[in-house]
Amino acid sequence: MISIKMRRIAASTLIGTLGFVSQTGAQVHLHADYPIQPVAFTQVQVMDNFWAPKIRTNAEVTIPYTLDQCKRTGRIDNFLAAAGKKKLNKLTEYTFDDTDLYKIIEGASYGLQVKKNPELEKYLDTLINIIGDAQERDGYLYTFRSAKMEKPHNWIGSKRWEKEEDLSHELYNSGHLFESAVAHYQATGKKTLLNIAIKNADLLVKTFGYGKEEKFPGHQIIETGLTKLYRVTGKKEYLDLAKFFLDLRGTPGHLNHEYSQAHKKVTDQHEAVGHAVRATYMYTGMADVAALTGNKEYLKAIDDIWEDVVDKKLYITGGIGATGAGEAFGKPYDLPNMSAYAETCAAIANVYWNSRMFLLHGDSRYIDVMERTLYNGLLSGVSLSGDRFFYPNPLASMGQHQRSAWFGCACCISNMTRFLPSMPGYVYAQNKNDLFVNLFVGSKSSVKLPAGTIGITQMTNYPWDGKNEITIDPAKSTAFALHIRIPGWSVNKPVPGTLYLDTDANANPVKILLNGKAVTYKMDKGYAVIDRTWKKGDKLSFELPMEIKKLMANQQVSADKDRFALQRGPLVYCLEGPDNKDAAVMNIVVKKEEPIQAVYREELLNGVMTLQMKGSATKRQLNSSELVKTEQPVTAIPYYAWANRGASEMEVWIPYEESAAKPMPAPTIASKSKVSGSIGNKRMLKGLNDQYEPQDSRDASATYLHWWPKKNSQEYVQYDFDKETTVSESSVYWYDDGPFGGCRIPASWKLLYKKGDEWVPVTTIKADPIAKDKYNTIKFEPVTTSALKLEIQQPVEHSAGLHEWSVK
Ligand SMILES: [Zn+2]
């Protein structure tokens with residue numbers, strides 16, 4: 001039986017339970033839900049030195065900062081314009097910009113539930129009023145249409161829903177509205193935003209369905225939004241609509257793009273493809289609907305897709321979505337490091353999805369993936385200061401990647417804002433009288449089990465230290481089973497599947513003491529299970545082995561060939577410029593068997609455990625292919641903390657073979673020259689004489705220079721020599737990312753030398769024709785000069801670019 005009466009969910013049932021008690025006291029039942037339920041973040045008070053400061057920074061810096069950005073960038077004005085309260089010439093850039101405000105309200109609401117902030121709560125009320133004013137009378141809420149601009153955005157179509165399967169994002173906006181509304185309602189008890197959401201959802205129920213408007217969302221999120229709204233209201237139509245949106249995908253007569261996971265019916269999908277955030281939100285929605293309806297076909301599909309991801313498409317940082325082309329999953333094992341996309345939103349979605357998979361299956365391997373993502377590829381998305389952000393999270397950098405204060409498409413920023421305060425909700429879970437300890441976080445909690453209310457405290461300095469002391473405080477002696485997760489990384493299984501391997505010998509079982517005495521436990525699905533009658537003050541202590549691991553990638557991952565990645569506990573490490581000699585890391589080689597020490601540095605990056613080792617720096621030399629090697633100390637820092645000290649080189653996968661390193665350039669005429677050109681980007685200019693050999697013209701892992709999006713113009717690069725030099729030969733390697741990219745080999749080029757104050761063309765003896773994938777060499781009559789200039793005529797319809805330019 002399902003009551004459709006609205007009720008406020010107790011804080012401990014954030015994602016839902018089998019039985020709710022309404023505010024009027026009436027018992028309400030949903031048919032079914034996840035067998036395992038998370039312990040809500042409001043029940044978990046984090047007091048450690050790792051997460052607590054980050055959650056505080058989110059509340060004190062990120063939320064006010066992002067709210068202010070919403071105002072400055074015109075996102076709030078969009079709503080005012082839609083309400084007819086402000087006249088604008090132009091709205092913001094994207095039709096989904098409404099969702100940034102929703103997501104930040106969601107994050108702020110989570111924050112309010114933990115710490116009262118009347119001023120913020122009042123401001124949220126103001127914003128919610130503005131949102132309500134922008135809603136049309138029948139519940140439609142989409143500022144880009146309601147604002148009735150003279151020149152409407154070309155994604156919105158001529159009428160409602162017309163371009164929904166493509167790019168209008170009307171249902172995407174609704175999905176985030178629902179998620180935000182549920183959070184705000186649970187945090188404050190106010191129904192203001194919830195009523196706006198319900199009015200919108202009711203319009204969708206009326207509008208969409210078989211025989212009515214048959215459209216699915218071009219960008220998923222509404223599925224989880226609707227299931228949340230269903231749990232709060234008990235209105236089964238919302239759950240049915242979520243299922244309708246899923247089942248319609250891949251049916252004939254629709255925009256059946258792989259990009260938006262509509263190439264097949266969702267139940268026929270068994271591999272992760274297309275836009276990674278869309279995909280992973282969808283898998284999360286499928287898990288929700290499977291849990292709520294018992295649909296086995298959905299389950300089979302997402303189980304298969306999950307295997308596909310962990311076996312072939314997961315970065316060691318837990319990032320997903322390898323390619324920037326379509327912000328998408330790449331081919332199996334195609335996991336490039338420098339061009340890794342690994343969008344912050346995709347990492348957040350990966351946490352949502354894996355936590356749902358755990359709630360369905362009760363297996364710790366899902367938490368292994370979730371923890372890996374959380375501590376690495378997700379956390380890297382925000383700076384230590386809380387106001388600088390990454391959209392892609394690469395695993396290597398020549399210094400071209402820097403955090404930004406904002407993005408035109410701000411999805412990752414608002415997503416991070418809403419995710420961080422909800423993090424304590426992933427520490428524990430429960431199923432009847434089974435209590436799961438999933439994450440190790442210094443915290444104090446209270447959990448309601450059928451057997452009684454249990455206080456549970458973790459004292460730990462995780463992730464720096466593997467020691468943990470868990471105190472159990474039942475109100476009275478209570479029998480229940482405590483499931484302590486034994487992380488995969490602690491038993492030589494860093495990731496489920498065969499993508500990343502720990503080559504160390506077998507690990508010892510973790511020893512658990514109860515009140516100082518060794519306790520026997522049985523292992524079940526990756527958990528140490530201690531099933532007994534617990535009394536007040538029972539103390540469990542154990543130590544997870546924080547050994548430093550050198551992990552290897554599956555041989556099919558060519559990007560990681562002859563390299564290892566360092567991991568200690570849940571943290572993946574990287575080398576970064578500021579900690580290493582000459583601010584260089586790409587030239588470093590560390591032997592496979594090199595011993596490594598962990599050294600905690602209080603003053604560095606808000607306090608981090610560094611890894612110290614010996615390595616060698618490699619350098620090319622003139623007239624010999626052999627590298628010069630110099631021993632030097634090498635320091636690694638946790639990956640999440642990189643890019644907090646300005647632009648620099650960074651590398652997660654460290655070469656143990658010289659052939660994998662990128663040596664420092666030999667002292668050639670070009671490498672000693674001062675480089676300039678008709679482009680201001682110093683990093684790109686640096687690419688010209690770095691002697692990094694591209695594999696082919698489109699190789700995006702090597703550094704290159706390009707003028708995209710400028711077309712048809714004349715451009716130049718210039719070498720100023722350190723002294724007058726006689727030269728007679730020059731070679732150029734063009735960048736060309738055709739047929740999909742915007743760069744092609746140039747229409748023409750010429751070489752000039754400096755004679756007094758003038759530029760004079762060289763006299764060609766022999767010149768290669770313009771061609772890609774190789775050096776184009778020009779031999780000319782020797783000139784003695786202080787500078788050379790390369791003039792490039794770009795193609796009419798494309799830009800041009802260069803990998804290398806050498807001079808003899
Ligand atoms: Zn994003």
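This is a predicted model: local features need pLDDT of at least 70, side-chain atom pairs count only at pLDDT 80 or more; totals for chains, interfaces and linings use all residues.
## Basis of the model

Local features are described only where pLDDT is at least 70 and side-chain atom pairs only at pLDDT 80 or more, while totals for chains, interfaces and linings use all residues. Residues are numbered from 1 along each chain as its sequence is written, and side-chain values use heavy atoms, leaving out hydrogens and water.

## The zinc site

The zinc ion is coordinated by E343 (OE), C345 (SG), C411 (SG) and C412 (SG) at 2.1 to 2.3 Å, where donors are N, O and S atoms within 2.8 Å of the metal (3.2 Å for Na, K and Ca), and sites may look incomplete since water is not among the atoms. The angles between the four donor atoms run from 102 to 119°, and therefore the arrangement is tetrahedral (all angles between 85 and 135 degrees). Both E343 and C345 are buried (under 20% relative accessible area, with exposed meaning over 50% and partly exposed in between, for a 1.4 Å probe and protein chains only).

## Helix α4

Among the buried residues of α4 are L120, L124, L127 and I131, with helices taken as DSSP runs (H or I, at least four residues) numbered from the N terminus. Because the buried residues of α4 fall within an arc of 155° seen down its axis, they line one face of the helix (the arc is that of the directions from the helix axis to the C-beta atoms). On the other side of α4, P118, E119, K122 and N129 are exposed.

## The nonpolar cores

In the largest nonpolar core, which has 222 residues, W51, L482 and V652 touch the most other members; such a core is a set of buried Ala, Val, Leu, Ile, Met, Phe, Trp, Tyr and Cys residues joined through side-chain atoms within 4.5 Å. A second, separate core of 28 residues includes A670 and W805.

Notes:
Four donors count as tetrahedral if all angles lie between 85 and 135 degrees; four count as square planar and six as octahedral if opposite donors are over 155 degrees apart and all others between 65 and 115; anything else is irregular. Helices (H or I, at least four residues) and strands (E, at least two) are DSSP runs, numbered from the N terminus.
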